[in-house]
Amino acid sequence: EQNQRGWLKNAGVLLLHLGIVIILAGGVINSYYGLNGLITIYRGNPADVSEGITIEKHFLIQLNDFTIKLNPDGSPSQYYSDITVIEDGKPQANQIISVNHPLQYKDIKFYQQGFGYLIKVNYINESSNEIENLLVPGDSLEIPGINRTLKTYFNAAEGLNQASIKLNNSPIIYNVYENDKLRGKGTAKFHEKIEFSDNSYIVFTGIEPYTILKIKHDPGLPLVFTGGLMFVIGIALALYSPTVKINSKLIISGQEVQRCH
């Protein structure tokens, strides 16, 4: 039994040190070959993953729905993105991801990173033609044939309340530019008709959520997990095998004396 425990202790020490080496090797591989990126996805609009990281075979991810769970005080407690992976034109995986609950497809993981809102804007001209647009707040909308530009923002005072994700009375601030000069500005409610130029109008019809995903490819992660497991087993074996006591005998004046080392 003593020999067996001594063998287990030596094996544990060896396994412990080997685990450390493998963990370091996995970390080096991740440093050189790991990939990290961000991608923004709008609901119903598939996005190519290669927009976030470099991959050999392209595939798409699609946001089917985005929801927010609120605390009793109205503040957000969790974000949920219903994601479908599309490869070769066919759905391959579907999962609702949230913070700390990523989607893994092949060797790539998708984490919930953030979210935002687009402003839905309809442009209506004298011919009753209606063009729907989605604007990131602060971006410009240029209408072909009209030398005017529209910029929109959320009204921080009365508009989108990010603490509770609710819309109040006049959620949109708009500026109208002509030849880079400010021609007009104001606030608008949803579905309020605003004159943009002669016989043309702008109507803000609502908001559209989008999700921001963090994309990670960690080729060294399996080595890190393997090394960590070996490290833990090595410690357990070393602790299980205490130092073996060796009994020896010493003869003094014809008498046998037992000593313990």
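In this predicted model, Ile61 stands opposite Val85 of strand β4. This facing pair belongs to the contact between strand β3 (residues 60-70) and strand β4 (residues 76-87), which run in the antiparallel sense and share 10 bridges.

## The open sheet

Strands β3 and β4 are part of an open sheet of four strands, arranged in the order β2-β3-β4-β5 with antiparallel pairing. The edges are taken by β2 (47-48) and β5 (90-98); each has a single partner strand, so one side of each is left without a neighbour in the sheet. Strand β4 also pairs with β5, again in the antiparallel sense, over eight bridges. Within this pairing, Asp82 stands opposite Ile96 in β5. In a regular strand, side chains alternate between the two faces of the sheet.

Asp88 is not a glycine, and its relative accessible area of 61% makes it exposed. A further case is His191, whose phi is positive at about 70° although His191 is not a glycine either. His191 is found in the loop between β14 (181-188) and β15 (193-197), where it is exposed with a relative accessible area of 60%.

## Salt bridges

Side chains of opposite charge can pair when their charged atoms come close. The count of salt bridges in this model comes to eight.

| Asp88 | Lys57 | 3.3 Å |

Asp88 forms its salt bridge with Lys57. Asp88 lies in the loop between β4 and β5, and Lys57 in the loop between β2 and β3, so this pair ties together parts that are 31 residues apart in sequence. Lys57 is partly exposed, at 46% relative accessibility.

Glu87 belongs to strand β4 and Lys106 to the loop between β6 (103-105) and β7 (108-124), so the link joins parts 19 residues apart in sequence. How accessible are the two partners? Glu87 is buried at 4% relative accessibility, whereas Lys106 is exposed at 53%. Lys57, Glu87, Asp88 and Lys106 are linked in a network of salt bridges.

Arg148 lies in the loop between β9 (140-142) and β10 (149-154), and Glu178 in strand β13, so the pair ties together parts that are 30 residues apart in sequence. Glu178 is partly exposed, with a relative accessible area of 23%.

## Aromatic rings

The whole structure holds eight aromatic pairs. In one of them, the ring centres of Phe115 and Tyr117 are 6.0 Å apart and the planes stand at 90°, so the pair is edge-to-face. Tyr117 is buried, with a relative accessible area of 10%. Ring pairs link Phe66, Tyr79, Phe115 and Tyr117 into a cluster.

Tyr174 and Phe204 form a tilted pair, with 6.3 Å from centre to centre and 35° between the planes. Tyr174 is in strand β13 (residues 172-178) and Phe204 in strand β16 (residues 200-217), so the pair ties together parts that are 30 residues apart in sequence. Both Tyr174 and Phe204 are buried.

Charged side chains also meet rings. Lys151 lies over the face of Tyr177, 5.8 Å from the ring centre, and Lys193 lies over the face of Tyr201, 4.6 Å from the ring centre.

How values were computed:
Residues numbered from 1 in each chain as written. Predicted model: local features only at pLDDT ≥ 70, side-chain atom pairs only at ≥ 80, totals over all residues. Heavy atoms only, no water. Phe/Tyr/Trp six-rings, centres within 6.5 Å; stacked < 30°, edge-to-face > 60°. Buried < 20%, exposed > 50% of the residue type's maximum accessible area, 1.4 Å probe, protein only. Helix = DSSP H or I, 4+ residues; strand = E, 2+ residues; numbered from the N terminus. Lys NZ or Arg CZ within 6 Å of the ring centre and 35° of its normal. Pairing = 2+ DSSP bridges. Salt bridge = Lys/Arg side-chain N within 4 Å of Asp/Glu carboxyl O.
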